[in-house]
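Hi there,

Here is the structure I promised to pass on. Please open it alongside this email, and then read on for what turned up.

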Amino acid sequence: MIEVKSITFAYAGKALLFGGFDWTIERGDAWAVIGPSGCGKTTLLYLLAGLRRPAAGAVTINGQIVRQPRPSTGLILQDYGLLPWATAMENAVLGLRIRGIASQKRNEAAQRWLARMDLAHVANQYPSQMSGGQRQRVAIARTLAIDPDVLLMDEPFSSLDALTREGLQDLIVDLGVEGTVTTVLVTHNIEEAVFLGRKILILPSPPISSAQVVDNPGAGELDYRGQPAFHEKCNQVRQWVEELRNGSAK
Amino acid sequence: MAQRNRLSIILALLAILFVWQVTATLAGIAALPGPGAVASAFVQGLSRDLATHLAISSYRVVLSILLSVALAAPIGLALGQGKRLDRFIAPIIYLTYPVPKIVLLPIILIFLGIGEVSKVFIISIILFFQVLVVVRDASNGVRPELIHSVRSLGAGKVHLFRYVYLPACLPAILTSLRVSTGTAIAVLFFAESFATNSGLGYYIIVEGWGRMAYADMYAGVVAMSLLGLAIYYALDLTEKKLCAWIQAGQ
């Protein structure tokens, strides 16, 4: 379970982003976080990842305060975060290498995930030789190879074309069905949030002390996109986002 | 492509030799022997003492390159990552970088004597600043997202150095060395041309020019050019081997 307990955060010399913000994520939940640009979505993800620390309050995962990146939290970023000087295979084993896993074991794990992501044929290619979708799948393989219990994603598909984006969204749904990984997806795309988030957190403009939570039980099904309930939920979320934006503008 | 490159180099070499031969024939003076006479002096010189002088000069310049990289790369990395340290050190670099280090030679000779140390020191100090500045800038230019992404895999400072900063700076280090190889050889020539009895500078000035043995003098110049060329190619090969990702992306 992830608990965000009354956190306060501001970047040096900048306005307050979070002021006494609370949030609870149950184990195995699939959350999507949405909100206006600059509202602190990415910062919230970095706080969960242990890459930033709150000035007050705490983030805990399974009761442990997150002070630095946890070995079993995976992070996938918009720009893939791949090492340009490493091949797909070298990138995929990076997390395991850092953990000191034996060469044979880590290679097997990385190969398994690359094959699962349909990337076996580009294992020896560098990121510059791959398409955006392939790069993002390598980033996902690298993260899943470390067998995370928490998967954090920061607008992971925003720079991809529509078809590739939908393919990778389906992949994330597949992974959610198979495992007990807790996922938090930050996105500015309402359709993506509704497709992937069984719960949606709508952040208002900062300073944030509370946020709207939308239940979305239909998410997590591959055919959800084609159902009327999906479009209704998208409209509902869009309306709430606009209300929050207008509310904060007033 | 490589074959075409080799062919262009051979053609360029033939063109230089042709112009040299024509000029030497037209001039008809002892101070400008043709390439045949110089080649003969070069081969005969190698069987006498030219090989030893070439080996000594190579030792001095290679040792200087290794020393300068070993000192400048870690300091450059530290400055690139430590904004506070860089703020303190940057003005010192700013003031000392443009000083032509060769003018310090008399001072260096006074303090370090006329032996090996002073020669290696003057070349090292010139290369040191070149490498320091590019490594600092390259290290500073590493995208924060890449660092976040690798940190999220559990990387500590040593891992970041090994997997991010060092490979990120390697092309810049090799480029700076390639750019400064010419300067290093020129300084080597200058430092070896007086108060010494070894090295190609000594061979050219004392054994060639001083004795009016012009073919030997040119043989020394050829040896020094070959030394520069060999270092240049060695750096090229190192880049191809260690920075294969750059070629792959082109």
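First, the ground rules. This is a predicted model, in which local features need pLDDT of at least 70 and side-chain atom pairs count only at pLDDT 80 or more, while totals for chains, interfaces and linings use all residues. Residues are numbered from 1 along each chain as its sequence is written, and chains are lettered from A and ligands numbered from 1 in the order in which they are written.

Where the chains meet, 20 residues of chain A are in contact with 15 residues of chain B (contact: C-beta atoms, placed from the backbone, within 7 Å). On the chain B side, helices H7 (144-151), H8 (157-192) and H11 (244-248) each supply at least two residues (helices are DSSP runs of H or I, at least four residues, and strands are E runs of at least two, numbered from the N terminus). H7(B) gives the most, with five residues.

Within chain B, the axes of H8(B) and H10(B) (residues 214-242) come within 10 Å and cross at roughly 170 degrees (axes are lines fitted to C-alpha atoms over the stretch in contact, with angles from 0 to 180 degrees between N-to-C directions). The two helices are therefore roughly antiparallel (angles over 145 degrees).

Finally, A:Ala211 sits in the loop between strands E9 (199-202) and E10 (212-215) of chain A. A:Ala211 counts as buried because 20 C-beta neighbours lie inside 10 Å (the cut-off is 20 or more others within 10 Å).

Best wishes

Conventions
Contact = placed C-beta atoms within 7 Å. Buried ≥ 20, exposed ≤ 12 C-beta atoms within 10 Å, placed from the backbone. Parallel < 35°, antiparallel > 145°, perpendicular 65-115°, else oblique.
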